[in-house]
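Please look over the sequence and the model below before reading on. The paragraphs that follow take a few places in turn and say what can be found at each.

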Amino acid sequence: MSKEPTSSILLQAGTMLGLSSLKFPPVVKTEINLVLVLVTVLGFWTRLRNLSYPRAVVFDEVYYGQFVSLYMKRVFFVDESGPPLGHMILAFGAYLGGFDGNFPWNRIGAEYPSSMSVWGLRLLPAVCGALCVPLAYLLQLELGSSHYAALGASLLILMENSLIVQSRFMLLESVLIFFQLLSFFSYWRFYNASNSCSRYLWLIVAASSCAGAVGVKYVGVFTYLLLLGIASVHTWQLIGQRAVSHLRVFVECGCRAVCLVVLPVLLYVLCFYVHLTVLRHSGPHDQLMSSAFQASLEGGLSRITRGQPLEVAYGSQVTLRSSASQTIPCWLHSHKANYPIRYEDGRGSSHQQQVTCYPFKDVNNWWIIKDPGRQELVVNTPPRPVRHGDVIQLLHGMTSRFLNSHDVAAPMSPHAQEVSGYIDFNVSMVMQNLWRVDISNREAESEVWKTIVSDVRLVHVNTSAALKLSGGTLPEWGFGQLEVVADRVSRAHHSSLVWNVEEHRYGTSHEQKEREVELHSPTHIDVHPNISFLSKFIELQRKMLTVKQEESEHKYSSCPLEWISMTTNIVYWLHHSTNAQIHLIGNLVSWSMANLSLAAYQLLALWYLLRRRRAIRDITEASWCQFQRVGVVCVGGWLVNFLPFFLMENTLFLYHYLPAYTFLLQLLPAVLEHAHTHLLSGKSQHRAGCVSAFAGLCSVYLCYKSFSPLTYGSPELSANQLQALRWQPSWDILYRRP
């Protein structure tokens, strides 16, 4: 019996399994865009070469480096300028480089120690900046431009001196621009892809990139809103397509909503979850947060409050912190000083003991919770807890004066009542020292007043006015402390009316002298408030959005209108003994051409719109759609990243313009290609257009080359060479003459 060949058996088996169409051995074919590879390599070369130079702190590295150090040490901080993702990316690069967080970051120009990996600190921003070059190429292709226009866009990004400088240091603009370009490229790749489920991977990338842009800097939200608007228009158009089934429209809309709305929000929240999980130790910004938030951190307030009783009882000794202070915390306070008989405006006062809000820990911040119907000032066994709705007295621990209010105008807020420590002067001013406990975050009507956890309003029984931090500052006679009043008209849950017990002990001393000694001693009497991640997340958001940055004039600050013409620059680094220096200066040639392309696009758009209104079609419908697409992304991207700065009160610098400027650089080759394709006619005009575009690109290169010493800090230039680079009279270029 003859044996059948093995190959024949395998062929029959493959046929039975339906695999006859497959070839053996399997072969994978791929195409490599060598131009894309080339610009990518050049992008990495221009951003990463000699990355550790200079080995000194460069401009805002002194700012971001502090947060990186805090990340390395797991110490909590609040950066009111933006969310934490950018700091986390910088910290991850520092971690890869072995940085332990031990560097002072006290001045620009400070030398990094030889043991410190400067390359690691600057690596990830440089990588993001390098990836922007191929992303510019790919985005142009998705917008419908040719490979020539895509090459032009990538070369403009490649040779833009300002983008190179901003990418080569521990700064965040390159990371923000990377996420912005990636989000638009991914969305248009999704939109242009064939109808397959795999294309939603690109939508997920787009949504994740939007979340990344917002997570790096809050200005990224405008880019996200622009992309969301584009996606909404496309979805609306999809709904109107009668050829598409109802089920598919429903599924498409649902998937887009989940990807572009739900997913970015979840990723944004996840960013803060990682942030709050990593930063678990107490730090320099604790006092910006509530007592409950502080107590959830290791060290700091949690060390002070460890072992405190949770429930406030009659006889408890407490400090009351105001929830209203946004930047400076303060505690209810009194001291042995009276209000003046008359204020500067001639109004009279009660001349009783001052009650203020003091922004420092002090023994005079301690008060005793007293039952009005009993005399004892100690906690009974078992303790009698204070509940919502109870009427109490508050006795100042060091001076034994009751917290009092009456129908006398407050010193700085005449519309509100004065709050004082009552002194009996044997006049017709009776004591009014009863206060009702109103727990605003209670879950039950008989809820117990709890340390740190409870938000409490203290309502004056006689007048129904609530104890309030007014926000005013007392003059010299009040030692510059903050004014406390009783107000009848404030909103019920306004933060200025809310107080919480921060430090708490059960009082045991019957005599005043013993009590004073007890109040001076530290609290050793563990409270672990059950504060959820969501509560911490909401509180941190509120602080980041409401805490105002300290405004200060800076030598290199500028206004948005100066950015368009680049009449300003920034000295990032200056060698202490030579003329070597690094400046944030853009490529003036491409800067000027980008501005011209913006004006040209607007004029063309206006011309086409007027002509189309008259039913005149100068270009095909496909070309008109591509023209609109370029405008929405490039002009729209420029607008949403530029106009918001006119509304901001922060100190602004030239680098704030770089995200908007990047979109203008994308517009320039698209406008040139449109002019070449639709406005020029004849070979001679086309040839002249190509020569002009090539000459412009050469000019961009020459400008890049001329300013490279100020971009990379080397080679060192002479004073005359530096003076020759001062192309704008307003530029601040420093040099030492021999």
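**A walk through the model**

The side chain of S558 makes a polar contact with the side chain of W563, at 2.8 Å. S558 sits in the loop between helix 15 (533–546) and helix 16 (560–565). Is S558 buried or exposed? Its relative accessible area is 10%, and because buried means under 20%, S558 counts as buried. With neighbours within four places in sequence left aside, the residues in contact with S558 are W563, T568, L652, F653 and L654.

This structure is a predicted model. The protein chain has 738 residues, and buried residues make up 52% of them. Its secondary structure consists of 21 helices and 14 strands. Taken along the principal axes, the C-alpha atoms fill a box of roughly 110 × 95 × 65 Å.

Helix 6 covers residues 147–158. Helix 6 is mostly covered, with nine of its twelve residues buried. These buried residues are A149, A150, G152, A153, S154, L155, L156, I157 and L158. What do the buried residues of helix 6 pack against? The partners are helix 2 (34–48), helix 5, helix 7, helix 17 (588–613), helix 19 (658–679) and helix 20 (683–712).

Helix 4 (85–96) also has twelve residues. From its first C-alpha to its last it reaches 17 Å, close to the 16 Å expected at 1.5 Å a residue. In helix 4, nine of the twelve residues are buried, which leaves the helix mostly covered. The buried ones are L85, G86, H87, M88, I89, L90, A91, G93 and A94. Among the elements that cover them are helix 3, helix 5, helix 8, helix 9 (200–216) and helix 11 (246–278). Just after helix 4 comes G98, with a positive phi of about 80°.

Next come the cavities. Rolling a probe the size of a water molecule over the atoms shows where empty space is left. The largest cavity has a volume of about 70 Å³. Which residues line the largest cavity? The lining is made of R47, G129, C132, I157, L163, Q166, S167, E173, S174, I177 and L658. I157, one of these lining residues, is also one of the buried residues of helix 6. Helix 5 (118–142), helix 7 (161–167) and helix 8 (173–192) each supply at least two residues of the lining. By class, the lining has five nonpolar, four polar and two charged residues.

F627 is in helix 18 (residues 621–642). With a relative accessible area of 4%, F627 is buried. Leaving aside neighbours within four places in sequence, F627 is in contact with Y601, L604, A605, Y608 and H674. F627 and A670 lie 43 residues apart in sequence, while their C-alpha atoms are 8.5 Å apart in space.

The remaining stops concern the backbone. Most residues other than glycine have a negative phi, and most peptide bonds are trans. R74 has a positive phi of about 60° although it is not a glycine. R74 lies in the loop between helix 3 (61–72) and helix 4, and at 35% relative accessibility R74 counts as partly exposed. I452, which is not a glycine either, has a positive phi of about 70°. The place of I452 is the loop between strand 8 (435–439) and strand 9 (456–460). I452 is buried, with a relative accessible area of 2%.

Where are cis peptide bonds found? One joins T381 and P382, with omega about 0°, and P382 lies in the loop between strand 4 (366–370) and strand 5 (391–396). Another cis peptide bond joins S714 and P715, again with omega about 0°. P715 belongs to the loop between helix 20 and helix 21 (719–724).

Key: Residues are numbered from 1 along each chain as its sequence is written. Side-chain values use heavy atoms; hydrogens and water are left out. Helices (H or I, at least four residues) and strands (E, at least two) are DSSP runs, numbered from the N terminus. Buried means under 20% relative accessible area, exposed over 50%, partly exposed in between (1.4 Å probe, protein chains only). A polar contact is a pair of N or O atoms within 3.5 Å; within protein, one must be able to donate a hydrogen and the other to accept it, and residues adjacent in sequence count only if both atoms are side-chain atoms. Contact means heavy atoms within 4.5 Å. On a 1 Å grid over the protein atoms alone, a cavity is a set of points where a 1.4 Å probe fits but cannot get out, and a pocket is an open set with protein on both sides within 12 Å along at least five of seven lines; lining residues have an atom within 4 Å of a point. Grid points are joined across faces, edges and corners, and a volume is the space filled by probe spheres set on the points. Ala, Val, Leu, Ile, Met, Phe, Trp, Tyr, Cys and Pro count as nonpolar, Asp, Glu, Lys and Arg as charged, and the others, Gly among them, as polar. The expected span of a helix is 1.5 Å times one less than its number of residues.
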